[in-house]
Amino acid sequence: MSTYDKFPSTMVEEGRLVKGWDDILSELSGNSKNRRIAVECYAGIHYATILAKFRELPHTIFVDTLSLFKSEVEIMQMTAPFLKDDVLFGFFSNLSLEDYLDAEKVKREKQKLSELGDGERVIVFGYGSSLVIEADMLLYADMPRWEIQQRMRRQEVDGLGVNNREEPFSLQYKRGLFNDWRVLDKQKKKLLHRVDYWMDSVSSLPKLIDRDTFMRGMEKISGKPFRVVPFFDPAPWGGQWMKEVCDLDRSVDNFGWCFDCVPEENSLLLAVGGERFEMPSVNLIYLKSSEVLGETVEARFGKDFPIRFDLLDTMQGGNLSLQVHPYLDYAREQFGLHYTQEESYYVVDAGDDASVYLGVKPGIDPAAMIRHLKQANSNGYEPFEVEKYVNILPARKHDHFLIPSGTIHCSGKNTLVLEISATPNLYTFKLWDWGRLGLDGKPRPINIERGEKVIRWERDAGFVEKQLVNRFEPLASGDGWSEEKTGLHETQFIETRRHTFAKTVTHHTCHSVNVLNLVEGDEVVVESPTGAFEPFVVHYAETFIVPAAVGAYTVRPCGISEGKKCVTIKAMIRQ
């Protein structure tokens, strides 16, 4: 029986939540002082539906900020340098929401609004509403990025100032990632302390919490272990392991991914008065970056959460695509990144024939390999002799394979991998996809031209064996526990520690956010030695985050795991 919690939440005592449109509109119209109302929003909301509901509030003037935007042609021209012609990759935008607004239209609207009497109500709805009016009441209709992606796939939503819902998902996502979300996040950061009401726009039944409830939730979460809401996705190579362990829909063919620590895309759930309130987990990072990340990590990464954990399931599935990630100089020059996708594979479970592809064979001819890759990816997908060029290693449970940028790699079939990596999540250059199609029935994009520019050919079997496989180093031990350093490679900024324990083991955040996964054992409890937070229970395969501000904490087996061997893998930023 699965114990995996797919909907982890944090209870907010004395919080206040309003649900349903009737009660929300009553709440907002009940305060006679709210004469200047601004409703800001994030991409991906059902814009027209929510706008129509806010029109039901009594008002003298209602303004839809999209009517104040520049034309779609102007916006397409303005954003073109950041989106480029590549089907997947762009360059991170430096635009602001002000750049979308037509200055003359805004000037005329502000003049009209200034002429209204004090007793007349004005509602300004949409992106940048707080730039148009000085609001008595500011509401933010929010949306997590994972839900946005689902709506993009269903062609339900448009991009910022453009009608693009009928474009292929990859193009919608590219616009969101490289431009729209950056623009809206820049505006959101300015508003975090000003918002009077936050709106959960994910479900068909909208919910509202006030500023005090929001702030209490953020304050509580930033001082305790917590989990974000995991999301799961099928894949062309996907497996069957997560269906059982995570109790997923058995009717779906497979699940390849479980993203259980990608705060820029995951949700947070607050439990308020017996109701769940969903919002983007990145709100916590923007508001409490120092407490969650730690001051030294924040100084290096700003308000970016730099560690990602996700599960890759190929049990009874297929190989991942053969791939490589760019090194920092390339990522910075080509995409505007200030760090790149360094990663590793920690093997949580494996079949007898499990393997990992890592590095190249000694003495190969790089030009010949690239030529054969290009041939294999043309003319109807001729087979690529991967065994001729790529180093293949057996994979066993609790192996740890380190994958610094520039290293060719992929997980083989019948493996459940915990991918521990830096956050950037689009920078995979696929070299070979085994001649298969994506779930949409079309070939997945291959990036040999980019990949060949970043492959580190010197990372052959000898290098891999010495530096990238099971670099375990005992660090400490005590009564019923031991600690090992397992990586990552010296060129990578993430450090990982493995704790094996049957009794209580003490941890310390060491001024960096800690991210952990219970890779063996049914159940453990995370506790504060000083009682600073309530005991936090974690189950097998669950990832949890410990904010830097927590400092000391303990982990021990509990429930059916009492007195039994358990194992956690922990990641932090190397100091």
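Trainee: Which residues of β6 point one way and which the other way, and are they buried or exposed?
Mentor: Keep in mind that this is a predicted model. Side chains in a regular strand alternate between the two faces of the sheet. In β6, Leu138, Tyr140 and Asp142 point one way, and all are buried. Pointing the other way, and buried too, are Met137, Leu139 and Ala141.

Trainee: How many residues of strand β6 are buried?
Mentor: Buried here means under 20% relative accessible area. Strand β6 runs over residues 137-142 and is mostly covered. The count of buried residues in β6 is 6 of 6.

Trainee: Which strands do bridges join to β6, and how do they run?
Mentor: On the one hand there's β3 (residues 36-41), joined to β6 by 5 bridges. Then 4 bridges join β6 to residues 197-200, which is β7. The β3 pair runs parallel, and parallel is also the word for β6 with β7.

Trainee: What is the bridge partner of Leu139 in β7, and which residue of β6 partners Ile37?
Mentor: Take Ile37 to start with: its bridge partner in β6 is Met137. For Leu139, look across to β7, where the partner is Tyr197.

Trainee: What is the strand order in the open sheet of 3 strands, and which are the edge strands?
Mentor: The order of this open sheet is β1-β11-β12, and the pairing is mixed. An edge strand here pairs on one side only, and that picks out β1 (10-11) and β12 (275-280).

Trainee: What is the bridge partner of Thr10 in β11?
Mentor: β1 and β11 (residues 267-272) run parallel, with 2 bridges joining them. Follow Thr10 across to β11 and you land on Leu270.

Trainee: Where is Asp247, and what is its phi?
Mentor: You'll find Asp247 in the loop between α9 (241-245) and β10 (257-261). Most residues other than glycine have a negative phi. Asp247 is not a glycine, yet its phi is positive, about 55°.

Trainee: Why does Asp247 count as partly exposed?
Mentor: Partly exposed covers the range between the buried cut-off, under 20%, and the exposed one, over 50%. Asp247 lands in that range because its relative accessibility is 40%.

Trainee: What about Cys510: where is it, and what is its phi?
Mentor: Cys510 is in the loop between β25 (505-508) and β26 (514-520). At 40% relative accessibility, Cys510 counts as partly exposed. Though Cys510 is not a glycine, its phi is positive, at about 55°.

Trainee: Zooming out, what is the radius of gyration of the protein?
Mentor: The C-alpha atoms fill a box of roughly 80 × 60 × 45 Å along the principal axes. For 575 residues, a compact globule would come out near 25 Å. The protein agrees with that, since its value is 25 Å.

Trainee: How many helices and strands are there, and what share of the residues count as buried?
Mentor: The secondary structure comes to 17 helices and 31 strands. Among contacts with a separation of 6 or more, 78% are between residues 24 or more positions apart. As for burial, the share of the 575 residues is 60%.

Trainee: How far apart are the centres of the positive and negative side chains?
Mentor: There are 85 negative side chains and 69 positive ones.

Methods:
Residues are numbered from 1 along each chain as its sequence is written. This is a predicted model: local features need pLDDT of at least 70, side-chain atom pairs count only at pLDDT 80 or more; totals for chains, interfaces and linings use all residues. Side-chain values use heavy atoms; hydrogens and water are left out. The radius of gyration is taken over C-alpha atoms; the globule rule is 2.2 Å times the number of residues to the power 0.38. Buried means under 20% relative accessible area, exposed over 50%, partly exposed in between (1.4 Å probe, protein chains only). Contact means heavy atoms within 4.5 Å. Lys and Arg count as positive and Asp and Glu as negative; His and the chain ends are not counted. The place of a charge is taken as NZ of Lys, CZ of Arg, CG of Asp or CD of Glu. Two strands pair if DSSP finds at least two bridges between them.
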